[in-house]
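This note sets out a few points for a colleague who is new to the structure. Please read them with the structure in view.

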Amino acid sequence: MNYFISNSNDPYYNLACEEYLLKNYDEDFFFLYINQDSLVVGKHQNTLAEINLDRVNEENIPVVRRLSGGGTVYHDFGNLNYCLIKKGEKGKLVDFKSYSSPIIQALQKLGVNAKFEGKSDLTIDGKKFSGNASHVYKNKVMQHGTMLFSSDLKRLNQLLKVNPLKFTDRGVRSIRSRVTNISEYLSSPISISEFANKVIQEFALTYPNSKLFTFSDEDITTIENLKTDKFQTWEWNYGYSPNYKFEKICNYPSGQILEIEMQIEKGIITELYISGNCIKTKDFHCFIETIKGSNHINSLIYSRLNDMDLDLYFNKLGSKELYQLFF
């Protein structure tokens, strides 16, 4: 078993590391990383249905899709993440309880009564501090998860708050659980880096002959390319979402009302219907055709609205008001 602690706080880079090691090395790995404030969505989720888009844009929060399924999670500097990559027998690769047991053992040695509960959760006093997910690739499994150590739980809820009723799709919805921080249960305070070292030590005991791993320059170059070409792209983080239908009604202070219905396929608006009491019907199809075919992404929609003479299509509504209709 190779082990290391990532020296990067870049969520795009660390998720690229996971895929690179899974698909390019024939060895087993265990590593830890801490990401800057970010949201990590499950592979089969509709990103826009999971995040508070306005807050994410306002605070410039990175949003990145991971390889595994499950729900959306919030990362910050108080959240320690682990990744285990292990070869095994096909059909018997996924084993959440066994692979996360060193984390439980490390905590119990610190006097924290941590438990494995349900399908893949780690809890303290019935509150979740770690959610886990896995991804199988050939004869290997990657299991990874969060460990809330001293995370800002209030901020977590703010960034994930969204109205799911706007979206109709087959994407996996996140299930919100009661969560807690590990640091609240420690009899003697330790730093998150000290906790990381204790987790590493426990995995080393579980997997004898473990050795410290260091990336080569070639490794790092390939990971950086994977980060740029995949994990930082709109196509992966948003466009990969399952096809969905978006519906919304906007009631403006002036008494104007607009209702929108969109069909989005592979991130692209393929069908668009708008009705309301402030539409100028003449040539309104030109507005529809200008928006159709666009990616359902905030910056592009806002840009297209700004580029149009909206007075041709709407009574006294500007780009900022119309933008609210699309998200």
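1. The crossing of helices α4 and α6 is right-handed; by definition, a crossing is left-handed if the near helix is turned anticlockwise from the far one by less than a right angle, and right-handed if clockwise. The model is predicted: local features need pLDDT of at least 70, side-chain atom pairs count only at pLDDT 80 or more, and totals for chains, interfaces and linings use all residues. Residues are numbered from 1 along each chain as its sequence is written, and side-chain values use heavy atoms, with hydrogens and water left out.

2. Helix α4 covers residues 96–109 and helix α6 residues 192–206; they pack at an angle of about 125°, with axes 9 Å apart. Axes are lines fitted to C-alpha atoms, for helices over the stretch in contact, and angles run from 0 to 180 degrees between N-to-C directions. The two helices are therefore oblique to each other (under 35 degrees is roughly parallel, over 145 roughly antiparallel, 65 to 115 roughly perpendicular, the rest oblique).

3. Residues of α4 that meet α6 include Tyr99, Ile103 and Leu107, while Phe195, Val199 and Phe203 are among those on the α6 side (contact means heavy atoms within 4.5 Å).

4. Strands β7 (residues 114–117) and β8 (residues 121–124) pair in the antiparallel sense over 4 bridges; pairing requires at least two DSSP bridges. Lys115 has Thr123 in β8 as its bridge partner. Their hairpin has 3 residues between the strands, and Gly118 in the turn has a positive phi of about 65°.

5. Strand β9 (residues 127–137) runs antiparallel to β8, joined by 4 bridges. Here Thr123 is bridged to Lys128.
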